[in-house]
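Please keep the sequence and the structure in view while reading.

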Amino acid sequence: VASGKGGVGKSTVAVNLAAAIAATGLRVGVLDADIWGFSVPRMLGVEGRLSGRERDGKKFMTPHERKVGDGLLRIVSMGFLVEDEEQALMWRGLMLNRGVTHFLQDVDWGDDLDYLFIDMPPGTGDVQMGVAKLLPRAEVIVITTPALGAQKVAARAVSMSRKSYLRVAGVIENMSSFTCEHGVSY
């Protein structure tokens with residue numbers, strides 16, 4: 001789940017889609033790849049450090065789990081690795097890309113995962129290119145708002161996805177209207 005810019009509700013949409021699918025009885029992973037702006041732990045009400053375990057002679061991080069309806073969410077976020085929410089994470093380039101790579105390759109998501117939702121950071125930078133390389137058959141949902149500025153940068157996110165040979169599954173215009181209790185839409 002991607003966006004061209006921040007503040008368009010990308011993380012909220014990612015978490016709600018994942019929770020809705022899990023509620024049907026499926027096992028859904030949520031990877032909060034928004035390294036600097038992690039918000040998934042708070043949105044899902046999950047906290048605590050990630051633990052690890054060894055499987056087949058290799059060490060893996062263990063995602064936090066949260067039951068939703070008949071299903072299960074498995075959650076990984078940088079928010080589970082920092083001391084507190086207010087701590088600034090100052091990563092760039094290779095370090096940033098390596099962190100997301102660890103979340104994809106060194107997490108024991110389980111053999112029974114039905115879906116993996118990745119809450120991407122906004123933009124078209126290192127993380128986006130790294131994930132596209134690691135998951136070449138991933139599908140992208142781009143989130144935007146009605147604001148022209150948000151739509152223009154969302155178009156760049158779509159363009160980057162297509163240039164990386166990722167299928168754009170759709171674009172969601174978030175915050176397009178609000179219907180008040182009297183039935184009037186704004």
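The notes below move from the overall chain to its sheets and then to individual residues.

The structure is a predicted model, in which local features need pLDDT of at least 70 and side-chain atom pairs count only at pLDDT 80 or more, while totals for chains, interfaces and linings use all residues. Residues are numbered from 1 along each chain as its sequence is written, and side-chain values use heavy atoms, with hydrogens and water left out.

**Overall chain**

- The chain contains five helices and nine strands; helices (H or I, at least four residues) and strands (E, at least two) are DSSP runs, numbered from the N terminus.
- Along the sequence, these elements follow the pattern β-α-β-α-β-β-β-β-α-β-α-β-α-β.
- The radius of gyration of the chain is 17 Å, close to the 16 Å that the globule rule gives for 186 residues, so the chain is as compact as a globular protein of that length. This radius is taken over C-alpha atoms, and the globule rule is 2.2 Å times the number of residues to the power 0.38.
- Along the principal axes, the C-alpha atoms fill a box of roughly 60 × 35 × 35 Å.

**Burial, contacts and charge**

- Of the 186 residues in the chain, 45% are buried, where buried means under 20% relative accessible area, exposed over 50%, and partly exposed in between (1.4 Å probe, protein chains only).
- Among contacts (heavy atoms within 4.5 Å) with a separation of 6 or more, 73% join residues 24 or more positions apart.
- The chain carries 21 positive and 21 negative side chains, and the centres of the two sets lie 8 Å apart. Lys and Arg count as positive and Asp and Glu as negative, without His and the chain ends; each charge is placed at NZ of Lys, CZ of Arg, CG of Asp or CD of Glu.

- Three strands form an open sheet in the order β1-β8-β9, with parallel pairing; two strands pair if DSSP finds at least two bridges between them.
- The edge strands of this sheet are β1 (2–3) and β9 (167–173), each of which pairs on one side only.
- Two bridges join β1 to strand β8 (residues 139–144) in the parallel sense, and A2 stands opposite V142 in β8.
- V142 is buried, with a relative accessible area of 0%.
- Leaving aside residues up to four places away in sequence, V142 touches A2, S3, A154, A157, V158, G170, V171 and I172.
- V142 and I172 are 30 residues apart in sequence, yet their C-alpha atoms are 6.2 Å apart.

- In strand β6 (residues 71–77), seven of the seven residues are buried.
- In a regular strand the side chains alternate between the two faces of the sheet.
- From β6, G71, L73, I75 and S77 point one way, and L72, R74 and V76 point the other way.
- Strand β2 (residues 27–32) runs parallel to β6 and is joined to it by six bridges, with D32 opposite S77.
- Strand β5 (residues 64–68) pairs with β6 in the antiparallel sense over five bridges, and R66 has L73 as its bridge partner.
- The hairpin of β5 and β6 has two residues between the strands, and G69 there takes a positive phi near 55 degrees.

**Loop residues with positive phi**

- D56, in the loop between β3 (51–55) and β4 (58–62), has a positive phi of about 55 degrees although it is not a glycine. At 77% relative accessibility, D56 is exposed.
- Y165, in the loop between α5 (148–163) and β9, has a positive phi near 65 degrees. At 73% relative accessibility, Y165 is exposed.
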